[in-house]
Amino acid sequence: MCYVNNYLERLRESSLNTYSLLDPHTREEIRDIPDCSDIQMKEAITKSKQAFNKMRALTSEERSNILDRASSIIAENREDFAQTITLESGKPIKFARGEVDRTIQTLKFASIEARKLEGESIRLDAATNGGGRDAYTIYQPIGVVGAITPFNFPLNLVVHKAGPALGVGNTIIVKPAEKTPLSAIKLAEFFEQAGLPDGAYQVVTGDGPRLGKVLIDHPDVQKITFTGSPQVGEHIKSQAGLKKVTLELGSNSALYIDESVHNKVQEIAKKAVNGAFSYNGQVCISTQRIYVHKDVKEEFITSFKMATESLQYGDPREDTTDISGVIDQKSQQRILSWIEEAIHEGAELITGGTMEDNGVKPTVLANVSSRSKVACKEVFGPVVLINTVDSAETALTEMNNSEYGLNAGVFTYDLPQAFNFAHKLEVGQVLVNDLPTLRFDHMPYGGLKSSGYGYEGIKYAMREMVHMKFISMNYTF
Ligand code: NAD
């Protein structure tokens with residue numbers, strides 16, 4: 001595996017300061033990473049602005065071909081990328097491979113959508129005195145996009161911003177999470193091989209608040225696209241002034257299982273265990289709150305507990321590992337303290353609840369108070385609650401009793417019930433007969449309430465990275 005590439009070396013040479021990148025599994029140093037200066041960020045912005053002239057001069061076919069080639073190059077280097085993700089994030093290798101596979105597709109979608117960004121024809125003669133004109137809209141690139149990304153999907157979430165930005169003819173500067181900068185850096189070399197103009201994709205590593213501020217304040221950055229915690233998202237929006245902003249933030253996603261699916265309860269429980277504990281629950285749409293109808297509760301909890309206890313804790317590099325260490329000690333301590341608080345506030349511990357090496361044992365709690373942090377905040381760890389409800393209406397009320405609103409899932413064979421949930425759930429995406437932990441990379445994806453502002457999903461992200469221009473031709477003049 002090659003995680004030290006020319007790009008990283010160049011960044012390192014021009015940087016005075018560094019910080020230690022730790023392997024989350026062993027907590028040992030992987031290597032030092034440049035803590036870039038404000039000046040380096042400003043230089044990157046200048047270079048990005050110059051590269052914009054080259055990017056917007058390309059045809060959509062040329063941009064599409066570059067993204068398609070980048071996708072193929074990543075496919076050829078699938079295992080190398082997967083190992084890089086595992087090394088920096090501690091993500092079990094089978095999930096890291098899944099992330100690379102999704103990235104390959106994300107870039108394919110970007111390549112396709114790059115050819116399809118079309119405006120529309122407007123009938124001006126529908127307005128009094130509007131006749132005699134042909135009118136239409138076009139989309140134009142905006143310039144330099146600043147991307148700030150989180151630790152948990154260090155490759156695919158970078159591509160969710162770079163793919164659409166480059167596809168429409170913008171340039172992009174990525175400020176990756178301090179804890180997981182390697183995948184974004186590796187990507188730079190592959191974009192170069194795919195024929196992307198120099199400077200169109202750049203990575204600037206280092207301190208988030210400081211470098212983020214340079215990006216947000218700089219007049220030559222036209223848009224900030226951020227994925228991360230609601231606290232930082234809110235801060236960015238309050239600082240961004242008139243800049244375009246997209247915020248993809250956190251959640252405490254809920255799932256309801258009603259009594260109509262009684263013959264599928266064991267199957268749903270097994271799926272839901274994956275939704276709750278993939279990558280140790282460090283997923284923005286992790287299944288965190290489960291509401292189960294009283295008639296199917298016993299079977300559900302028994303199956304859920306059994307499937308949870310069969311998960312293998314271990315080295316993330318091993319194919320057999322399901323659960324590994326959480327991202328850092330601070331997270332581990334916070335998660336354990338929230339579990340303790342919930343138990344103190346009356347929750348029943350079904351399984352887990354303690355630390356394991358650098359992680360937390362997959363933890364299932366029942367009868368959790370809606371005031372406990374594991375219910376009302378985002379845990380971002382391997383913890384799930386299962387509360388029993390008497391009716392679908394109670395489940396709906398509980399599910400909506402949240403400051404977040406990203407994804408929600410409902411298992412039901414009752415069609416009116418499905419429509420009722422679909423219309424009344426206060427979230428961006430409703431998944432009927434699927435878990436909330438589901439995202440396909442081309443679907444629209446955005447949160448309500450504290451979960452976000454704006455949309456991703458390639459085509460939808462592109463619309464947020466362009467200017468729509470209206471043009472009218474008066475052919476009677
Ligand atoms: P985080 O908010 O701590 O950090 C995200 C990024 O913001 C990092 O690059 C960090 O350096 C930078 N940053 C920190 N403070 C900043 C500031 N003041 N100004 C500008 N940038 C700043 O998030 P994290 O711990 O890396 O990731 C976990 C969070 O991300 C969770 O809340 C999770 O739900 C969310 N997330 C959301 C989605 C989504 O699509 N909705 C996807 C993945 C993760």
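Is E192 buried, exposed or partly exposed? E192 is partly exposed, with a relative accessible area of 47%. That value falls between the cut-offs, since buried means under 20% and exposed means over 50%. The model is predicted.

**E192 and A70**

- E192 sits in helix 7, which spans residues 182-193.
- In sequence, E192 and A70 are 122 residues apart.
- In space, their C-alpha atoms are 8.7 Å apart.
- A70 belongs to helix 3 and takes part in the contact with helix 5.

**Helix 3 with helix 5**

- Helix 3 covers residues 60-76, and helix 5 covers residues 93-114.
- The two pack at an angle of about 170°, with their axes 8 Å apart.
- Helix 3 is therefore roughly antiparallel to helix 5, because angles over 145 degrees count that way.
- Helix 3 contributes S60, S64, L67, D68, A70, S71, S72, I74 and A75 to the contact.
- Helix 5 meets them with V100, T103, I104, L107, K108, A110, S111 and A114.
- By class, this contact holds nine nonpolar, six polar and two charged residues.

**Helix 14 with helix 15**

- Helix 14 runs over residues 392-400, and helix 15 over residues 415-424.
- Their packing angle is about 20°, and their axes lie 11 Å apart.
- The pair is therefore roughly parallel, as angles under 35 degrees count as such.
- Helix 14 passes helix 15 in a right-handed crossing.
- On the helix 14 side, the contact is made by A392, E393, A395, L396, M399 and N400.
- On the helix 15 side, Q417, N420, F421 and K424 make the contact.
- These residues divide into five nonpolar, three polar and two charged.

**Aromatic rings**

- A search of the whole structure finds seven aromatic pairs.
- One of them joins F300 and F304, with ring centres 5.6 Å apart.
- Their planes are 35° apart, and the pair is tilted.
- F300 and F304 are four residues apart in helix 11 (residues 297-309), so about one helical turn separates them.
- F300 has 0% relative accessibility and therefore counts as buried.
- F304 also counts as buried, because its relative accessibility is 0%.
- Elsewhere, ring pairs link F151, Y279 and F380 into a cluster.

Conventions. Residues are numbered from 1 along each chain as its sequence is written. This is a predicted model: local features need pLDDT of at least 70, side-chain atom pairs count only at pLDDT 80 or more; totals for chains, interfaces and linings use all residues. Side-chain values use heavy atoms; hydrogens and water are left out. Axes are lines fitted to C-alpha atoms, for helices over the stretch in contact, and angles run from 0 to 180 degrees between N-to-C directions. Angles under 35 degrees count as roughly parallel, over 145 as roughly antiparallel, 65 to 115 as roughly perpendicular and the rest as oblique. A crossing is left-handed if the near helix is turned anticlockwise from the far one by less than a right angle, and right-handed if clockwise. Contact means heavy atoms within 4.5 Å. Ala, Val, Leu, Ile, Met, Phe, Trp, Tyr, Cys and Pro count as nonpolar, Asp, Glu, Lys and Arg as charged, and the others, Gly among them, as polar. Rings of Phe, Tyr and Trp (its six-membered ring) pair if their centres lie within 6.5 Å; planes under 30 degrees apart count as stacked, over 60 as edge-to-face and the rest as tilted. Buried means under 20% relative accessible area, exposed over 50%, partly exposed in between (1.4 Å probe, protein chains only).
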